[in-house]
Amino acid sequence: MNLSTGMDTFKDAVIKNFVSVFLGVTINCINGILVLTFFKFQIFYRNPRYILYVNLIINDMIMLSVSVSLQVISYTVFVMNFPLCCLLLLISMSTNKNTTLNLAGMAIERYIAICKPLHHAQLCTVHRTYILLCLMWIVALIPALSDIFILLATRPRAFFSSSICYYSSIFSGQYFDILFPITQALYVSFVSFILIYTYVRVLYAAKAANTDKQSAQKAQKTILLHGVQLLLCILSYFSPIVNSVLSVYFPNSRTIYLFVTYILTNLLPRLLSPLIYGIRDQTFFKYIKMYLLCRFHIAKIKPSNT
């Protein structure tokens, strides 16, 4: 979220909010088509790979909606109700961590499909996939909930009346300054290890004589793109540091680089998921075209009937 309302002119504030909302709505519409395609065709219901993928897409849509809402709120409602603010921040923090965990789950599924194909049907069942999704959401929620419980236990009652809805202004203090980097480092390290391990194993599998080389190479590229997604997630963690460095060299352009880093680390990375699966995956892309052509055909028939 770009907290720079006090230094923006009215024109700048309108432009920035328009760009944020436009990008948010556009990306969510693209992702929404992918979600509708998933639920429209039963072929995806029985495939753990696509179940994990649609969870990532839905997670990105929730994260993007909350992020843009917080951006607009920072310009329109400078001080807001504390429980509502905590709810928005809880969703934002949980979905952010769930993105990294989902990437790890998808990389493991590709690793099993390529390196242990005989066990894939037994290990990667639909039932186990939904159990994994529940565990991922629980693990993603625990740090955010613990932050809120610690806040309730350590702050005076007057603190909870109303506040600026920004993470650093609410979750401030020595404890949070130590806890936040540790939890983020643990999540990123865990997912980085899984992505590197699965990529190396798939790389070796691609060179083996008894492996489907085309499938292995596609899996390599997919895991590598997951690594790019993880890198963008890491950039969002380091954006406050980047902003602090830029403030030293460009003190008069603070509102500009705050907004640019917000767009680059929070909004545009949500476009990677539809690019990785919506376009690269031939099966999913085929059904997307079928769904869109069907909707277009129905839209043409309705006016003629009326």
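**Reading burial, helix packing and a pocket**

Biologist: Is Thr255 buried or exposed?

Modeller: Thr255 is buried, because its relative accessible area is 13%, and the cut-offs are under 20% for buried, over 50% for exposed and partly exposed in between, with a 1.4 Å probe and protein chains only. The model is predicted, so local features need pLDDT of at least 70 and side-chain atom pairs count only at pLDDT 80 or more, whereas totals for chains, interfaces and linings use all residues. Residues are numbered from 1 along each chain as its sequence is written, and side-chain values use heavy atoms, with hydrogens and water left out.

Biologist: Where does Thr255 sit, and how far is Thr255 from Ala13 in space?

Modeller: Thr255 belongs to helix α9, which covers residues 254-267. Although 242 residues separate Thr255 from Ala13 in sequence, their C-alpha atoms are 9.9 Å apart in space.

Biologist: How should I read Lys218, and which helix holds Lys218?

Modeller: Lys218 is part of helix α8, residues 213-249, and counts as partly exposed because its relative accessibility is 37%. For the whole chain of 306 residues, 46% count as buried.

Biologist: What is the secondary structure of the chain?

Modeller: The chain has 11 helices and two strands, taken as DSSP runs numbered from the N terminus, with helices (H or I) of at least four residues and strands (E) of at least two. Read along the sequence, these elements follow the pattern α-α-β-α-α-α-β-α-α-α-α-α-α.

Biologist: How do I read the packing of α1 and α2, and at roughly what angle do their axes cross?

Modeller: Two packed helices are described by the angle between their axes and the distance between those axes. Here α1 (residues 10-40) and α2 (residues 48-76) have axes that come within 10 Å and cross at roughly 160°, where axes are lines fitted to C-alpha atoms, for helices over the stretch in contact, and angles run from 0 to 180 degrees between N-to-C directions. The two helices α1 and α2 are therefore roughly antiparallel to each other, as angles over 145 degrees count as roughly antiparallel, under 35 as roughly parallel, 65 to 115 as roughly perpendicular and the rest as oblique. The crossing of α1 and α2 is left-handed, meaning that the near helix is turned anticlockwise from the far one by less than a right angle, while clockwise would be right-handed.

Biologist: How do α2 and α3 cross, and how do α3 and α5?

Modeller: The axes of α2 and α3 come within 9 Å and cross at roughly 155°, so these helices are roughly antiparallel too, and their crossing is left-handed. The axes of α3 and α5 come within 8 Å and cross at roughly 140°, so α3 and α5 are oblique to each other, with a right-handed crossing.

Biologist: Which residues lie nearest the centre of the second largest pocket?

Modeller: Rolling a probe the size of a water molecule over the atoms shows where empty space is left. The second largest pocket is lined by 19 residues, and Leu52, Gly105, Ile108, Leu132 and Met136 lie nearest its centre; a pocket is an open set of points on a 1 Å grid, where a 1.4 Å probe fits, with protein on both sides within 12 Å along at least five of seven lines, and lining residues have an atom within 4 Å of a point. The elements giving two or more residues to this lining are α2, α3 (82-115), α5 (126-154) and α7 (174-207).
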